[in-house]
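User: Could you walk me through how to read the main features of a two-chain model? I would like the general idea each time, then the case at hand.

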Amino acid sequence: MSTGTTKLDVVVSDVVPVNELVTRFHFRRRDGQLLPTFSGGAHVVVEMRDGERTRLNPYSLMGSPLDTREYTISVRRDDVGRGGSLFMHRNVRPGMEMVISYPVNLFSLDLRARKHLMLAGGIGITPFMAQTAQLAADGGNFELHYTCRTASLGTYADVLRERYDRRVRLYHDDRDERIELDRLLSSQPLGTHLYVCGPSGMIDWVRDRAAALGWPAETVHFEHFAAPQPGAPFDVTLAVSGKTIRVGEQQSLLEAVEAAGVDPPYLCRGGVCGQCETNVISSDGKFIHNDHWLSEEEHRCGKKIMPCVSRFEGRSLVLER
Amino acid sequence: MYAVNIEPHVLGPKGSVLENLIDVDEHYVAEMQDRALVLAEDPLRCQSLPHMTLAGWDLLELLMEQQALGYPEHFTLTRDGDRWRWINRPLGIDDTFTFGDVSTLPYGPMEYITRQSQGDFCILDQRDGNLWMDAGMVTTQADWSLDFDIGMNFFEWHAPVPLAHEKGIFVRALKFLTNIQQGKPARRLNWTMTVNPRLDTSPENYHKWGPDRTTVTPENVGDKVHLRVELQSFWRLPRSNGIVFPIRCYLIKMDELVTQPKWARRLHRVIRDLPEELVNYKGLTRYRPTLLEWLSKLDDGSPTSAGFGPD
């Protein structure tokens, strides 16, 4: 039985520029019904039909889980990415019909926590928008530390400050404001859970310091929102389906497999959920592993690849698909 | 010995237990009264750790929606924002409450709705790549205890199951269950046998039902021994991101089961070929020879057709 999610037929109900890089998109159900309830930290996969090409990109739901009349996502424009965010910014207009997945949560709140300490970097703020709304509605104890490049790029910083006042602390890179991480991590009450979402470097830094300061691993939660990186084209043989495919420069391996009519299961398309894990039958070349799912040992062995984010350079690659 | 029998939990044929995703049948009122009696004697059959209240509301919504959808003549749910009205005609209940506000219900949300829903319910919290038995209403179980298992993870509460750990079954099952998605429930069947048509065969009450196993004779086996089939379904809960695992028990006595020659032949072969470890785990050891002897007379050796439906 294949896993994966049910699809939702939606219409774009609003498109709102938030700042020079970020635009917010609102979706409602085409049939006028309520959308499924979700939990803070959940994402949906947005299907983008761009001519011949279909892109499937995950975005965190950022509205309140208590309001299911519409879903909202915020998309940061990435001028050197593979084009998904540019498509959203340039092509998506109010009234457009789109297809999104049911919500999936891979960055769930630990509801045992007596306090939720949240660290956001840049567009990594989006899952916390929903999580803070969920916690605030039920008197939950949280504190949010949010780092952004400049005040004008502090997406939703004003909204969060207005909603939660001193429970939100802002740090601006251009003013040399830095989170005093060690002090912050050393001064939390017992039962605190730590959540971090932002650039990889920030996640690694926070996880390392938390580990060094004695935080149990099960109290540290993180979400990488890495999109697949473009790279040199490469050829792949799919042994089970008997197909040979070419992965384009702007295409992920998973997208190329799907374009050939083979549908591996997936949930996150960002290298964290493990669903699309694929066995390597043989290879002659170098793997470019970009996932957070396989262990370092598995990366070295070259027996497995996560086609949603990882690539290959070399003479031949045969996969069990 | 073990079969992978997980499939999507979708609607089945009219008149079957799968006609609705949450089955309500002619035993509804009696089973709810039985549950109330068990709870009065032993309140620990219903437990919910403090962080599981939100999951309880998720379950309340699921069961009210499904029961009202499948049986509108018996149940009606009216929602006006947070203000919900729930009418349960068979039990004479008409309550208006505020969704999310525990002070507006006579019990916590999980206990409230599972006192009105057939079957046991385990609510599993998902964290650290595992599932944790952190809440449940368990009054009709086959010899396991919520009070003992509460707070355990998936591997811990399955520890007593023989032969399955070595085969890696629980690692694969956990991987499957942690990826169950909203709107896509799954199901499986499980079975054991029970002497006399008892729903509550709990360790807490072993002194009441355990001795029944010594009472099976060649004369009464058809009436006393029951096949117990559990319809287990798995649902992702939307607000809490937990999983609810309803376990609905159905009993059929041997005399009724053997009215279908295919079932008689197959059960004989299953009981005959069951590994010793599973015979012991299922608690059949003492009366298995009597049962086998009785069933063997109904097995003419001809093949059985695929599937569990009668021929």
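Analyst: Let's start with an annotation. The unreviewed UniProt entry marks residues 5–110 of chain A as "domain: FAD-binding FR-type"; UniProt positions follow the numbering used here, feature names are shortened, and annotations may be inferred rather than shown by experiment. In the model, this span of chain A is 8% helix and 46% strand, and its end C-alpha atoms lie 23 Å apart. Helices (H or I, at least four residues) and strands (E, at least two) are DSSP runs, numbered from the N terminus.

User: What should I keep in mind about the numbering and the model itself?

Analyst: Residues count from 1 along each chain as its sequence is written, while chains are lettered from A and ligands numbered from 1 in the order in which they are written. The model is predicted: local features need pLDDT of at least 70 and side-chain atom pairs count only at pLDDT 80 or more, whereas totals for chains, interfaces and linings use all residues.

User: How do I judge the overall fold of chain A?

Analyst: Begin with the element count: chain A has 7 helices and 17 strands. Its radius of gyration is 20 Å, close to the 20 Å from the globule rule for 321 residues, so chain A is as compact as a globular protein of that length. That radius is taken over C-alpha atoms, and the rule is 2.2 Å times the number of residues to the power 0.38. Along the principal axes, the C-alpha atoms of chain A fill a box of roughly 60 × 50 × 40 Å.

User: And what share of the 321 residues in chain A is buried?

Analyst: Burial is a neighbour count: a residue is buried if 20 or more other C-beta atoms lie within 10 Å of its own, exposed if 12 or fewer, and partly exposed in between, with C-beta atoms placed from the backbone. In chain A, 42% of the residues are buried.

User: How do I read a sheet, and which strands of chain A stand at the edges?

Analyst: Look for pairing first: two strands pair if DSSP finds at least two bridges between them. In chain A, an open sheet of 5 strands runs β14-β13-β17-β15-β16, with mixed pairing. Its edges are β14 (243–247) and β16 (304–305), each with a single partner strand, so one side of each is left without a neighbour in the sheet. Within chain A, β15 (residues 278–288) and β17 (residues 311–319) pair in the antiparallel sense over 8 bridges, and A:Lys286 has A:Glu313 in β17(A) as its bridge partner.

User: Is strand β7 of chain B mostly covered or open?

Analyst: It is mostly covered: 7 of the 8 residues of β7(B) (residues 130–137) are buried. Strand β6 (residues 120–127) of chain B runs antiparallel to β7(B), joined by 7 bridges, with B:Leu124 opposite B:Met133. Their hairpin has 2 residues between the strands, and B:Asp128 takes a positive phi near 55° there. Strand β2 (residues 46–48) of chain B also pairs antiparallel with β7(B), over 3 bridges, and B:Cys46 stands opposite B:Met137.
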